[in-house]
Amino acid sequence: MKRLSIVLVCAVTIIYALSCSKHEDNNASCSGPKAITDSTALLAYAKTNGITTTADTSWMYYQIINPGTGASPNSSSIVFVRYAARLMDGTYVDSTATATGFLLTNLIKGWQYGLPKIKAGGQIKLLVPSALAYSCNGNGSSIPPNAPIYFNIYLDSLK
């Protein structure tokens with residue numbers, strides 16, 4: 001009986017350890033490539049499409065088309081934006097024709113880093129590495145995992 005208890009405790013411990021390591025492996029594989037990895041594709045897209053880039057410390061690239069006026073968004077801002085998004089092969093993936101409001105902290109990191117660079121009424125082009133976009137998850141059927149993305153964003157207003 002004592003032997004059976006020891007065997008059961010060992011079996012449960014092994015199963016638990018394996019399930020934890022499997023879970024950790026899934027999280028590690030879901031981190032996607034590092035932002036610097038997408039740099040070549042982002043810069044090639046910029047060159048092909050005539051985008052004059054400035055590098056951000058996060059390995060994101062941007063071009064401010066119009067700086068706007070007034071306040072810049074911060075982490076508690078609701079931003080009202082119009083945008084278009086494309087993959088690096090030029091495939092259109094999403095857009096809004098009318099201003100849509102979002103809490104800045106609910107958006108991808110690329111937007112959280114990029115939008116504060118302009119003010120209301122401004123326009124910015126963002127070349128976002130996959131690590132600051134949708135990483136290994138992708139987004140629906142239009143944005144595959146580990147895809148860097150180009151955004152053309154108009155910041156209509158903010159609250």
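In S6 (residues 149-158), Leu155 is the bridge partner of Gly122. The model is predicted, with local features requiring pLDDT of at least 70 and side-chain atom pairs pLDDT 80 or more, while totals for chains, interfaces and linings use all residues. Residues are numbered from 1 along each chain as its sequence is written, and side-chain values use heavy atoms, without hydrogens and water.

**Strand pairing**
- Strands are DSSP runs of E, at least two residues long, numbered from the N terminus.
- Two strands pair if DSSP finds at least two bridges between them.
- S5 (residues 122-128) runs antiparallel to S6, joined by 7 bridges.
- S3 (residues 78-87) is also antiparallel to S6, with 9 bridges, and there Arg82 has Tyr154 as its bridge partner.

**Largest pocket**
- A pocket is an open set of points on a 1 Å grid over the protein atoms alone where a 1.4 Å probe fits, with protein on both sides within 12 Å along at least five of seven lines; lining residues have an atom within 4 Å of a point.
- The largest pocket holds about 210 Å³, the volume being the space filled by probe spheres set on the points, which are joined across faces, edges and corners.
- Its lining has 13 residues, with Tyr83, Asp94, Trp111, Tyr134 and Phe151 nearest the centre.
- S3 and S4 (92-103) each give two or more residues to this lining, and S4 gives the most, with 3.

**Positive phi**
- Trp59, not a glycine, has a positive phi of about 75° and sits in the loop between S1 (54-55) and S2 (61-66).
- Asn146 has a positive phi near 60° in the loop between S5 and S6.

Conventions
Helices (H or I, at least four residues) and strands (E, at least two) are DSSP runs, numbered from the N terminus.
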